[in-house]
Amino acid sequence: MERLGIKETKFAVKIAKILKTKRMTEQEKLFEIALEGGESLDYEPGQFIMITVFGAGEIPISLTSAPTNRLSFEICVRAVGKVTNALHTLEAGDLVGIRGPYGKGFPIRILEGNDLLIVAGGLGIAPLRSLISYVLENRRDFGKVHILLGCKSPQDMLFVDELNLWDRRMDVHYECTVDKGAPDWAGNVGVITTLIPGVDLEPERTFAVVVGPPVMYKYVIRELLAKNIPERQILVSFERHMKCGIGKCGRCQMQNLYVCQDGPVFNYDDIKHLSEAL
Amino acid sequence: MKDMQHQYALLSKDNLDGFISRLSGSKKVMAPFSKGHNNYSFEEVRSGERIALNYIPTILSPKKFFMPQYETLLSYKIGKTINVETVVDYEEMVLFGVHTCDLAGIQCLNMVFSERPKDYNYLTRKPHILIIGLECNNYCDEHASCHLVNASLPSGGYDLFFTDLGDYFMVHVNTQEGEEMVEETKSFEPAGKDQLHELADLREQKRKIFKNEVSIAPRHLPELFEGAFESKVWNELGERCLACGNCTNVCPTCYCFDIREEVSLDRKSGSRYRMWYSCQVEPFAKVAGGINFRVDRSARQRHRYYRKFKYPVLKFSRFFCTGCGRCSRTCMADIRLKETLNALVKEKTTKLWRDWE
């Protein structure tokens, strides 16, 4: 058996340094990362990377920062498995490996000029924050912006400082709800679908962007359709456990589509018939 | 006719041994080998004697040479910095005796791995493997369905192709590398018109032997699958399936994989490898938090069939079943590909009649 070094392989990882970490909740941590040598990770909101924790393994994680900062990027990671738990032990200065970005992100050029209804459930805020940050940095390119956020409890809320800023902005309609309140919680209590009927929107010029746990989509989409938002104007983003990111390994396949290449962002109209999607 | 003769050479059966030994002098030669109990496997040979010329498809298809069960993708050393080296392991070899079903399987893998984004591990390894095909003059056994998927006759994908014509092999020389094997081993004679006629006669004979193995014409298969997603046939398979993954392991066109990490005990170095993985096993479509997008075995079996008869047709315009019959032969629950297709056809016909009445 001969062994050959190959450069062009898609499995090559770039070394990157963790610049900053921030604990967000008991389970989630935010990492700011920069590729070595000042290289820019050229990405779009909604895309994902494969990150290597050397000695533990590699996992797909969505980008949570807006691509406007070209020198570093951010990911928000929930500790649920071997690699994410290992990642949580890393601190500023530690090295990781990066492949990507991969997949089709949110179609910014199509969204421009339209109103946006952004619906985030739980950790779904992570990829959506990338879009929201981009939209707010380019605010005049978009119409009305509604942001609806749902999470389990007030303690599970991510990006709290930013949520407060969005709440205070006059050019953003922001609302949030928790499934289960807390003694010091004065806000809404209930599932995210309860927020949708009250939104004052013009369906024909509104694009809804929905990201959340798998169980959420069906109910949220039902409400969006009840608001007369056309099916083609509903965008979703899916979580799958990609292993290769290049449309080969089959792990993220839903019927004939590979989430890593054909998604993770899909038009609802294109996937509504796929039994393995929602 | 004269031109065609050029593309052919003759190898007397007495010279097969010499051909293989000379070939094995410069390269590793892998050929079908009897493992007993009507099981065969591609093993290294140094002479022609022990090659099983009359064999039913090997337990594992030649896929294992192009896409090894375990394959290192990269290795790394952790120090002050981290050194990562991406690698491909390969071996110069000649595969002798590859049936047309398996040639079709290799052609499928070629399409998958050369589609962008390309898989350079596969593409780097591929040219190091020379392929000598071997024609099936008759069906191997009752599980084969090679005619259905148009794989009972050769259609490229080899360097040399052997057809057994009694005392000698008629050999089609398909590539420069094939020609070099013929030249270097000095075992061949030129083919004459008579042998070309004999070959044509054999192919004519084969057209009578190889007939559609199921109750639907291949051109109607995509349409059949179009309407079969909610079929009860999948439930029936789901009830029997043991989710062992044997069918995908032996399949010449199943290429799904997992990527795993191997780390040294001192955690100073490690490597990443890919290994065959199966959509039939329970964790395949699971995500963080435990949600599984194909939780039922029926959905997993359906996925397997759709990955053979529908999805690749959309992407590559061909079936990813080569009719080799391995999945049926190996299934512990007696799930048979031909029976499944016939059951889908029957269900559809019954429904049509019901709608008609």
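## A facing pair in chain B

B:Phe257 stands opposite B:Trp276, which lies in S12(B). This is a predicted model. Strands S11(B) and S12(B) run antiparallel and are joined by 7 bridges.

## A sheet built from two chains

S11(B) and S12(B) belong to an open sheet of 5 strands. The order is S1(A)-S5(B)-S4(B)-S12(B)-S11(B), with antiparallel pairing. S1 of chain A and S11 of chain B stand at the edges. Each has a single partner strand, so one side of each is left without a neighbour in the sheet. On average, neighbouring strands are turned by 25° against each other, direction ignored.

The sheet crosses from chain A to chain B where S1 of chain A, residues 2-5, pairs with S5(B). That pairing is antiparallel and spans 4 bridges. Here A:Arg3 stands opposite B:Asp89 in S5(B).

## Where the chains touch

The contact takes 38 residues from chain A and 41 residues from chain B. On the chain B side, several elements supply at least two residues each, among them strand S4 (70-78), helix H5 (120-125) and helix H12 (311-316). S5(B) gives the largest share, 8 residues. By type, the chain B side divides into 26 nonpolar, 10 charged and 5 polar residues.

## B:His6

B:His6 sits in helix H1 of chain B, which covers residues 2-6. Is B:His6 buried or exposed? B:His6 is exposed, because 10 other C-beta atoms lie within 10 Å and the cut-off for exposed is 12 or fewer.

B:His6 and B:His172 are 166 residues apart in sequence. In space, their C-alpha atoms are 9.2 Å apart.

How values were computed. Residues are numbered from 1 along each chain as its sequence is written. Chains are lettered from A and ligands numbered from 1 in the order in which they are written. This is a predicted model: local features need pLDDT of at least 70, side-chain atom pairs count only at pLDDT 80 or more; totals for chains, interfaces and linings use all residues. A residue is buried if 20 or more other C-beta atoms lie within 10 Å of its own, exposed if 12 or fewer, and partly exposed in between; C-beta atoms are placed from the backbone. Two residues are in contact if their C-beta atoms, placed from the backbone, lie within 7 Å. Ala, Val, Leu, Ile, Met, Phe, Trp, Tyr, Cys and Pro count as nonpolar, Asp, Glu, Lys and Arg as charged, and the others, Gly among them, as polar. Two strands pair if DSSP finds at least two bridges between them. Axes are lines fitted to C-alpha atoms, for helices over the stretch in contact, and angles run from 0 to 180 degrees between N-to-C directions.
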